[in-house]
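Please look over the sequence and the model first.

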Amino acid sequence: MKDLMTDDASIEWLGVYYKTILSPEESGGTMSIVDSISPIGSGPPRHIHHNEDETFVILTGACRVWLEGEEIELVAGQSAFIPRGKEHTFKVIGDEPSRHLVILTPGGFEGFFAEMAAGQFAIPDDMPAIIEAAERHNLTFTGPPLD
């Protein structure tokens, strides 16, 4: 198995590597699965997925997951379910990157990662373009990343 960071099918945005390992086309639109490696200290701004439930499965490393004001720490072998419409974020903690699966039901949101990687948009410099793409993918940013 190729390393995610050198796999030709992977994309990279802001130091995070993404590879869709189950596409919506392969699941009849019901879900998608993205394999991801995020560096220490990384994590998105707080946000809401309006269309998708998200299951976050930690394969290596550790993350703090924030869901509507509640925080939990997840390590390899643990997961969190984030229902659509709930404000959330995460931050990679510890001394190694986090490899995790992002399972989205229904599928389709993984297209946001592809758009961001293609444009190599920077936060906060390119927030207007990022917000525009987020709206197309039924995502609303609601606050800063975890500190």
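What pattern does the protein chain follow, read along the sequence?

## Overall fold

The model is predicted. Read along the sequence, the pattern of the protein chain is β-β-β-β-β-β-β-β-β-β-α-α-β. The radius of gyration is 14 Å, close to the 15 Å that the globule rule gives for 147 residues, so the chain is as compact as a globular protein of that length. In all, the chain has 2 helices and 11 strands.

Taken along the principal axes, the box filled by the C-alpha atoms is roughly 35 × 35 × 30 Å. Of the contacts between residues at least 6 apart in sequence, 67% join residues at least 24 apart.

## Surface and charge

Of the 147 residues in the protein chain, 42% are buried. The chain exposes about 7,300 Å², and carbon and sulfur atoms supply 55% of that area.

Among the side chains, 9 are positive and 24 are negative. The centres of these two sets lie 2 Å apart.

## Helix H2

Which residues of helix H2 are buried? Helix H2 spans residues 127-136, and its buried residues are Met127, Ile130, Ala133 and Ala134. These residues cover an arc of only 125° around the axis, which puts them on the same side of H2. An α-helix has 3.6 residues a turn, so residues three or four places apart point the same way.

On the face of H2 turned away from the buried side are the exposed residues Pro128 and Glu135. Just after H2, Asn138 has a positive phi of about 55°.

## Ile93 in strand S9

Strand S9 covers residues 88-93 and includes Ile93. Is Ile93 buried or exposed? The relative accessibility of Ile93 is 18%, and residues under 20% are classed as buried, so Ile93 counts as buried.

Leaving aside residues up to four places away in sequence, Ile93 touches Ala62, Cys63, Arg64 and Glu73. One of these, Glu73, is 20 residues from Ile93 along the chain, and the C-alpha atoms of the two are separated by 8.8 Å.

Terms used. Residues numbered from 1 in each chain as written. Predicted model: local features only at pLDDT ≥ 70, side-chain atom pairs only at ≥ 80, totals over all residues. Heavy atoms only, no water. Helix = DSSP H or I, 4+ residues; strand = E, 2+ residues; numbered from the N terminus. Rg over C-alpha atoms; globule rule 2.2 N^0.38 Å. Buried < 20%, exposed > 50% of the residue type's maximum accessible area, 1.4 Å probe, protein only. Contact = heavy atoms within 4.5 Å. Areas by Shrake-Rupley, 256 points an atom, 1.4 Å probe, with all protein chains shown as cover. Lys, Arg positive; Asp, Glu negative; His and termini not counted. Charge placed at Lys NZ, Arg CZ, Asp CG, Glu CD. Arc of directions from axis to C-beta.
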